[in-house]
2 protein chains.
Amino acid sequence: MPLNKDLLYMKGHPHSSAFDFIVEPFSEDYTGRLTWHVLGNHLLRCASLHAGEHGFGYEYMLTDNRAWVLSRLVIELNEMPRTFEPYVIETWVSRIFRQFTDRHFAITDGKGRIYGYATSTWSLIDLNSRQPVDLTTLDNGGFVEKLIPDSEPPIKVPGRIRLKDAEEAGTRTARYCDLDINGHVNSIRYIDMMLDLFPKSVYDTAAPKRIEVAYCLESYCEDVLSFHKEETAPGTTLIEIRKDGSLPVVKAAITFG
Amino acid sequence: MPLNKDLLYMKGHPHSSAFDFIVEPFSEDYTGRLTWHVLGNHLLRCASLHAGEHGFGYEYMLTDNRAWVLSRLVIELNEMPRTFEPYVIETWVSRIFRQFTDRHFAITDGKGRIYGYATSTWSLIDLNSRQPVDLTTLDNGGFVEKLIPDSEPPIKVPGRIRLKDAEEAGTRTARYCDLDINGHVNSIRYIDMMLDLFPKSVYDTAAPKRIEVAYCLESYCEDVLSFHKEETAPGTTLIEIRKDGSLPVVKAAITFG
């Protein structure tokens, strides 16, 4: 299948999966756009569904006592869909490089309009050793035949996030509603916490266009999370979330536009 | 239609509506049960859909510059559905008493198993005067013909919530992710905030069985919310959320079991 790198989506490709959604009332922010919380969790859900459909899902991996762990997530949007607008999340995997694999997403209206893209990097952790598995050595070649090579979406790959002169931006204790089914703070909840660092006046005139997150360490209920941020360019803020005052949990970059 | 007060649900009643859901992964808490956040927002969504279907919905009321405002919400559950379990929310309206109307909910598996019930009280606000409308004087009898009289669910009606000897339980500033499409803090978000007052150790051995909320005042982004709580019986805690240090925004009672 030829790839149009300027308008990349995979509908119908046998190695991709597409899932239909609609922006339901009570899933929008105050501007009437889908929340990052709902979009983010739907991306993770689609990743899980796609992997399951193609034979390398959570349940299958658990039979070998292995679990997928999200390492990087970048979401870059032209716009967010609004109340009652349908949207389609398509997802596929482009490559394996030893301990990591790249999964991509296109968020469209299903008819060619592109809301945006996301890209993510995952590792497969052996739950006994807590070490990542070499993905090139999985039984039967693993899911190497399920890749769609050379299919990176047309967004910037994640960069290295290094804060130099960060200001303290408060603390927050992880609580019950922050937890996912594994008892960790939910990956997308960190995005909510970071969005909450910006006052409403920012959202009155702009919206996040690109959110880039590197997941460094799990955090748990009652962990005290501290927030550190640094504006490195107009509209672009680097953020680090630490626990115990120093251990980096999440490093991120958020760009408003 | 005869009403079984011990096993009340309305499936098929022409004045009720029923909506099907499933507990999707990423909508559960760390115990694998549907979150109160998702359930609560689905209750509000079903209320809106039912009112729309029966001719007194949000859009219709807005043509007269009127809007429904939630005044009371009580949710009482035997249990929460778990991952992949289907659930049905049925909702109907039982009565009008001047400025208020009572809306009820049954949460079932659609086959007779009752997860729980909810009951709520709403007023219709004139957006010009900010005063509640007398619901007995609506044009054409309003929705009086859409009621299902004598159909209160078998849960305790909301009581008066009065804290006498409350302890301070922290503050929290309302932020972007707390807001609904009207720019107010979302009604269900207050429930999240209150659930977050309890440590994980409470959830390890018990779950909220009844949550009763009286909505007193709207709050907005950047309002500083203070939390005050008082355990009045084993497992039952009264909570008041105030803004500006003194104005009651929400009064609530949460019972774990």
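1. Basis. This is a predicted model, in which local features need pLDDT of at least 70 and side-chain atom pairs count only at pLDDT 80 or more, while totals for chains, interfaces and linings use all residues. Residues are numbered from 1 along each chain as its sequence is written, chains are lettered from A and ligands numbered from 1 in the order in which they are written, and side-chain values use heavy atoms, with hydrogens and water left out.

2. Second largest pocket. Its volume is about 640 Å³. A pocket is an open set of points, on a 1 Å grid over the protein atoms alone, with protein on both sides within 12 Å along at least five of seven lines; a cavity is a set where a 1.4 Å probe fits but cannot get out, and lining residues have an atom within 4 Å of a point. Grid points are joined across faces, edges and corners, and a volume is the space filled by probe spheres set on the points. The lining of this pocket has 23 residues, and those nearest its centre are Thr171(A), Arg172(A), Thr173(A), Thr171(B) and Arg172(B). At least two lining residues each come from strand E6 (167-173) of chain A and from strands E6 (167-173) and E8 (224-233) of chain B. Helices (H or I, at least four residues) and strands (E, at least two) are DSSP runs, numbered from the N terminus. By type the lining holds 8 nonpolar, 6 polar and 9 charged residues. Here Ala, Val, Leu, Ile, Met, Phe, Trp, Tyr, Cys and Pro count as nonpolar, Asp, Glu, Lys and Arg as charged, and the others, Gly among them, as polar.

3. Cavities. Residues lining the largest cavity include Trp36(A), Met80(A), Tyr203(A) and, from chain B, Tyr176(B). Its lining divides into 8 nonpolar, 1 polar and 2 charged residues.

4. Helix H3 of chain B. In this helix (residues 187-195), 9 of the 9 residues are buried, so it is largely enclosed by the rest of the structure. Buried means under 20% relative accessible area, exposed over 50%, and partly exposed in between, with a 1.4 Å probe and protein chains only. Asn186(B) caps the N-terminal end of H3(B), with a side-chain oxygen 2.9 Å from the backbone nitrogen of Ile188(B).

5. Thr121(B). This residue belongs to strand E5 (residues 114-126) of chain B and is buried, at 13% relative accessible area. Its side chain makes a polar contact of 3.1 Å with that of Asp102(B). A polar contact is a pair of N or O atoms within 3.5 Å; within protein, one must be able to donate a hydrogen and the other to accept it, and residues adjacent in sequence count only if both atoms are side-chain atoms.

6. Asn65(A). It sits in the loop between helix H2 (58-62) and strand E2 (66-77) of chain A and is partly exposed, at 29% relative accessible area. A polar contact of 2.8 Å links its side chain to that of Asn128(A).

7. Lys243(B), in strand E9 (residues 236-243) of chain B, is buried at 9% relative accessible area. A polar atom of its side chain lies 2.9 Å from the backbone oxygen of Glu218(B). Asp244(B), in the loop between E9 and strand E10 (247-256), is exposed at 58%.

8. Positive phi. Most residues other than glycine have a negative phi. Asp244(B) has a positive phi near 55°, and Arg98(A) has one of about 55°. Arg98(A) lies in the loop between strands E3 (86-97) and E4 (100-108) of chain A and is exposed, at 62% relative accessibility.
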